[in-house]
Amino acid sequence: MDTLRQILSPDFLLRNSVYTSVLIGLACPLVGVFLVLRRLVFMGVALPQISSTGVALALSLPMWLGADVTAHSSQGEHTLAFLGSLTFSLVAILVLAFLERRGRGMAEGRLGTAYVVAAAASILLLSKNRYAEIGWLDLLKGEVITISNFDLTLTAAALAVVLLVLGLFYKELLFVSFDRDMAATLRKRVLFWDVLLYLLIGLTVSMAVLSVGPLIAFGFLLIPPLTAHLFADNMRQLMVLASLVGGIAALLGFAIAYQWDLPVGPTDVALLGILFACGWCAQKTISIARRLYA
Amino acid sequence: MNTRDVDPSRKLSGRVRPDEPMSESLITLDNLSIGYNNQPVLSGISLSIACASFTALLGANGSGKSTLLKTLLGLLSPISGRVRIDAPVIFGYVPQTIQFDPLYPLTGFEVALMGVYERVGPGRRVPQAERDFTRECLKATDAGEFARQRFNELSGGQKQRVLIARALATKANVLVLDEPTAGVDAAATHSLLEFITEIHEKRKLTVLLVTHDLPLVRKHARQIIWLHDGRVLHGTVAELLTPERMAEILEMEMS
């Protein structure tokens with residue numbers, strides 16, 4: 001409890017990291033719900049990895065172009081990284097979703113290949129960039145330490161966009177996800193809403209990758225919606241519960257990592273795994289008890 | 001009522017009776033060729049579906065029922081020819097329940113509420129009046145009692161009632177039901193079809209029912225579109241379900 005109080009204090013040195021982790025923990029599950037319900041979990045694995053390749057490429061570009069890399073400000077570097085991450089996420093999700101819609105070939109194979117090639121490309125790009133090792137390899141490992149005010153602002157803005165779009169267009173996004181044929185017969189612009197959802201997922205993933213790395217991004221996209229799904233009776237409960245599980249796990253994960261000097265990302269994901277396992281056991285126990293006393 | 005075999009070169013075309021009076025046409029298929037990726041599944045379809053008719057779409061698996069249905073609903077573009085809508089149409093589509101992913105934690109009410117979404121613009125909450133209207137539709141289909149339960153936990157017949165309520169919530173004038181009795185037990189099938197017939201008569205709804213079930217068609221439908229071996233037969237139940245004609249079709253199927 002003391003640790004929690006300490007990390008929530010406004011004077012805490014790593015407060016930006018705490019706030020960012022919690023914001024990512026709240027935002028990722030909201031779009032992750034749609035990835036899970038649309039059975040696009042593999043997309044959730046591949047996308048953060050592709051996004052981080054965008055970061056690596058964007059950071060390597062100035063060096064390749066012969067620019068003085070050391071002269072770049074941290075904010076300029078982060079803007080570049082954000083643009084790389086966002087571009088790769090959006091292009092990847094639109095291309096992969098288009099291929100998915102066409103329904104040809106093996107989707108899992110395609111996504112698996114995209115994941116593994118993107119992972120290899122990230123490492124190769126960073127290994128040839130002598131400045132990258134300073135912080136970006138940490139990012140790939142999920143070390144949430146060096147979060148600037150700029151990163152925090154971007155993450156908060158992304159969460160605001162996610163909340164706004166989901167709040168305004170929830171029924172359209174749900175409708176085209178659940179029953180696209182019916183939506184089409186009622187003259188809903190199915191493709192438009194699909195693209196909007198994919199853009200939202202792409203934006204959230206790129207923000208998450210930039211702030212906390214691909215490992216945590218995927219963890220928060222997938223595990224909170226699965227945990228919430230065990231207990232939710234309707235969509236509203238699913239989304240609120242998933243977001244809460246993500247936010248609480250991010251906060252507790254940070255506290256545990258700080259207390260025992262562990263890397264934050266892997267701690268968060270391991271904690272999410274434990275929460276999911278506990279949730280599964282609780283749900284099974286409840287359903288057995290209900291059957292016994294029915 | 002007209003009877004048309006849309007492939008006049010075939011054996012059955014001699015039974016065309018174009019001299020019969022036609023009801024007011026709602027949907028007309030004009031020399032339609034349908035299929036996927038420019039590969040026709042059915043060609044030369046010309047028929048019309050009358051207002052307030054009860055038509056059964058019959059055919060074996062792979063005969064093109066789903067392709068024709070999707071084309072009628074505007075989900076699939078025809079390869080050639082056209083679908084002419086002769087009067088304002090709102091389709092109340094009742095898909096097969098098997099196509100819904102059980103992963104969605106939606107209640108029966110939430111599913112039925114989707115029927116009003118067309119009238120509620122993007123970014124707007126569903127008004128209370130539309131919610132109340134959805135509840136009325138659920139009551140009308142006897143689905144009010146289980147509408148608060150999870151949709152994926154309902155029985156086949158209960159799901160169908162929720163989906164029909166959703167179709168009614170669209171204020172549809174054409175009810176399109178894709179094999180509504182698949183996975184539904186005999187008693188529920190009977191009451192479901194009785195209900196569909198009742199709303200067809202009371203609300204003057206045009207009904208297009210896709211099914212395999214011949215006894216059901218004989219009892220409830222008035223018109224039949226029978227897809228067989230690349231041909232489309234269209235006529236009344238009395239005309240198409242005669243023993244001779246059935247034997248002829250079944251003989252063709254056997255051969």
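# Sheets and helix contacts in a predicted model

B:Thr28 stands opposite B:Arg84 in strand β5 of chain B. This is a predicted model, in which local features need pLDDT of at least 70, side-chain atom pairs count only at pLDDT 80 or more, and totals for chains, interfaces and linings use all residues. Residues are numbered from 1 along each chain as its sequence is written, chains are lettered from A and ligands numbered from 1 in the order written, and side-chain values use heavy atoms, with hydrogens and water left out.

Strand β2 (residues 25–36) of chain B is joined to β5(B) by 5 bridges, and the two run antiparallel. Two strands count as paired if DSSP finds at least two bridges between them. Helices (H or I, at least four residues) and strands (E, at least two) are themselves DSSP runs, numbered from the N terminus.

β2(B) belongs to an open sheet of 3 strands, in the order β3-β2-β5, with antiparallel pairing. Its edge strands are β3 (39–50) and β5 (80–85) of chain B, each of which pairs on one side only. From one strand to the next, the twist averages 15 degrees. Helix α1 (residues 65–73) of chain B lies across β2, β3 and β5 of chain B. This helix runs at about 125 degrees to β2(B). Axes are lines fitted to C-alpha atoms, for helices over the stretch in contact, and angles run from 0 to 180 degrees between N-to-C directions.

**An enclosed strand in chain B**

How many of the 6 residues of strand β4 (residues 54–59) of chain B are buried? The count is 6 of the 6, so β4(B) is largely enclosed by the rest of the structure. Buried means under 20% relative accessible area, exposed means over 50%, and partly exposed lies in between (1.4 Å probe, protein chains only). Both faces of β4(B) are covered. On one side sit B:Phe54, B:Ala56 and B:Leu58; on the other sit B:Thr55, B:Leu57 and B:Gly59.

β4(B) has two parallel partners in the pairings described here: strand β8 (residues 206–211) of chain B, over 5 bridges, and strand β9 (residues 223–228) of chain B, also over 5 bridges. B:Phe54 has B:Val207 as its bridge partner in β8(B). B:Gly59 stands opposite B:Leu227 in β9(B).

Helices α3(B) and α4(B) cross in the right-handed sense. A crossing is left-handed if the near helix is turned anticlockwise from the far one by less than a right angle, and right-handed if clockwise. The contact is made by B:Phe133, B:Cys137 and B:Leu138 of α3(B) and B:Val162, B:Ala165, B:Leu168 and B:Ala169 of α4(B). By class, these are 7 nonpolar, no polar and no charged residues. Ala, Val, Leu, Ile, Met, Phe, Trp, Tyr, Cys and Pro count as nonpolar, Asp, Glu, Lys and Arg as charged, and the others, Gly among them, as polar.

B:Ala143 is found in the loop between α3 (128–140) and α4 (156–169) of chain B. Its relative accessibility is 0%, so B:Ala143 counts as buried. Beyond its neighbours within four places in sequence, B:Ala143 is in contact (heavy atoms within 4.5 Å) with B:Leu138, B:Arg161 and B:Val162. B:Ala165 is 22 residues from B:Ala143 along the chain, yet their C-alpha atoms are separated by 7.8 Å.

**Chain A**

Chain A has 12 helices and 0 strands. Of its 294 residues, 51% count as buried. Among contacts with a separation of 6 or more, 79% join residues 24 or more positions apart.

Helices α3(A) and α9(A) also meet in a right-handed crossing. The contact involves A:Leu47, A:Pro48, A:Ser51, A:Ser52 and A:Val55 of α3(A), with A:Ile201, A:Val205, A:Ser206, A:Val209 and A:Leu210 of α9(A). These residues comprise 7 nonpolar, 3 polar and no charged.

A:Thr53 lies in helix α3 of chain A. Is A:Thr53 buried or exposed? A:Thr53 is buried, with a relative accessible area of 7%. Leaving out residues up to four places away in sequence, A:Thr53 touches A:Phe88, A:Ala118, A:Ala121, A:Ser122 and A:Leu125.

| Helix pair | Axes | Angle |
|---|---|---|
| α3(A) (41–64) and α9(A) (190–212) | within 9 Å | roughly 60 degrees |
| α3(B) and α4(B) | 8 Å apart | about 135 degrees |

Angles under 35 degrees count as roughly parallel, over 145 as roughly antiparallel, 65 to 115 as roughly perpendicular and the rest as oblique. α3(A) and α9(A) are therefore oblique to each other, and α3(B) and α4(B) are therefore oblique as well.
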